[in-house]
Amino acid sequence: MLGSDRRYDYAIAIPARNEEARILQCLEACRESIQQAQASAVIVVLVNNCDDATAQRARSCGETLGVPVVVEERRFAAGEAHAGNARRAALDLARSFVREDGHLLTTDADTQPSASWVKNSLSLLAEHPSALI
């Protein structure tokens, strides 16, 4: 795992549960989008309550992706194992890798963000700081 002493301009937080069939396409799409943004980035995958090889596939992809990838596995209690908690945990972890004035982006593990997603998102955040939460 990357040392959390490195600070990036932004991080992409991805909660993932039983997404071994789709996680590679998501990570590759994120990498393509990151390449257009011209800012330092890290991808953080929070694998929660999985019964498949999501974590292993994400780690393997991260070794050759060309973009830093952090993969952490968590098991939430039955009543806490839902998308909201997984996304919150992914964002909290991602925050530890971002500069104080950096940004957090998030997507789902079963999606493939467009090549312009990161660049457009960062541009909008720069133009409209009131959109920051």
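Colleague: Helices here are DSSP runs of H or I with at least four residues, and strands are runs of E with at least two, numbered from the N terminus. What sort of model is this?

Modeller: This is a predicted model.

Colleague: Start with the sheet. What order do the strands have?

Modeller: The order is E3-E2-E1-E4. The sheet is open, has four strands, and is paired in the parallel sense.

Colleague: And which strands are at the edges?

Modeller: Strand E3, residues 69-74, and strand E4, residues 98-106. Each of these pairs on one side only. Neighbouring strands in the sheet are turned against each other by 25 degrees on average, with direction ignored.

Colleague: How many bridges join E1 to E2?

Modeller: Seven, and the two strands run parallel.

Colleague: Is E1 mostly covered or mostly open?

Modeller: Mostly covered: eight of the nine residues in E1 are buried.

Colleague: Which helix packs on the sheet by touching E1 and E2?

Modeller: Helix H1, residues 23-37. The direction of H1 makes about 165 degrees with that of E1, and the E2 in question is residues 41-48. Helix H3, residues 83-95, lies across E1, E2, E3 and E4. The angle between H3 and E4 is about 150 degrees.

Colleague: Pick a residue in H1. Is Ser-33 buried or exposed?

Modeller: Ser-33 is in helix H1. Its relative accessibility is 0%, so Ser-33 counts as buried.

Colleague: And what is Ser-33 in contact with, leaving aside neighbours within four places in sequence?

Modeller: Ser-114, Ala-115, Ser-116, Trp-117 and Val-118.

Colleague: Where does Gln-38 sit, and where is Asn-49?

Modeller: Gln-38 is in the loop between H1 and E2. Asn-49 lies in the loop between E2 and helix H2, residues 54-64.

Colleague: Buried or exposed, for Gln-38 and for Asn-49?

Modeller: Gln-38 has a relative accessible area of 78%, and the cut-off for exposed is over 50%, so Gln-38 is exposed. Asn-49 is at 7%, and buried means under 20%, so Asn-49 counts as buried.

Colleague: What does Ala-81 touch, if its neighbours within four places are left out?

Modeller: Ala-81 is in contact with Arg-17, Asn-49 and Phe-76. Ala-81 is found in the loop between E3 and H3. With a relative accessible area of 18%, under the 20% limit, Ala-81 is classed as buried.

Colleague: How far apart are Ala-81 and Arg-17 in space and in sequence?

Modeller: They are 9.8 Å apart from C-alpha to C-alpha, and 64 residues apart in sequence.

Colleague: Now the second largest pocket. How much space lies in it?

Modeller: About 160 Å³. Residues that line the second largest pocket include Pro-15, Ala-16, Arg-17, Asn-48, His-82 and Asp-108.

Colleague: Which elements each supply at least two residues of that lining?

Modeller: E1 and H3. H3 gives the most to the lining, with three residues.

Colleague: How do the residues of the lining divide into nonpolar, polar and charged?

Modeller: Five are nonpolar, two are polar and five are charged.

Colleague: Asp-108 was in the lining. Where is Asp-108?

Modeller: In the loop between E4 and helix H4, residues 117-127. Its relative accessible area is 33%, which falls between the 20% and 50% cut-offs, so Asp-108 is partly exposed.

Colleague: What does Asp-108 touch, not counting residues up to four places away in sequence?

Modeller: Ile-14, Cys-26 and Arg-87. As for Ile-12, its C-alpha atom is separated from that of Asp-108 by 10 Å, and the two residues are 96 apart along the chain.

Definitions and conventions: Residues numbered from 1 in each chain as written. Predicted model: local features only at pLDDT ≥ 70, side-chain atom pairs only at ≥ 80, totals over all residues. Heavy atoms only, no water. Pairing = 2+ DSSP bridges. Axes fitted to C-alpha atoms, helices over the stretch in contact; angles between N-to-C directions. Contact = heavy atoms within 4.5 Å. Buried < 20%, exposed > 50% of the residue type's maximum accessible area, 1.4 Å probe, protein only. 1 Å grid on protein atoms, 1.4 Å probe; cavity = no way out; pocket = protein on both sides within 12 Å on 5 of 7 lines; lining within 4 Å. Points joined across faces, edges and corners; volume = space filled by probe spheres on them. Nonpolar A, V, L, I, M, F, W, Y, C, P; charged D, E, K, R; others polar.
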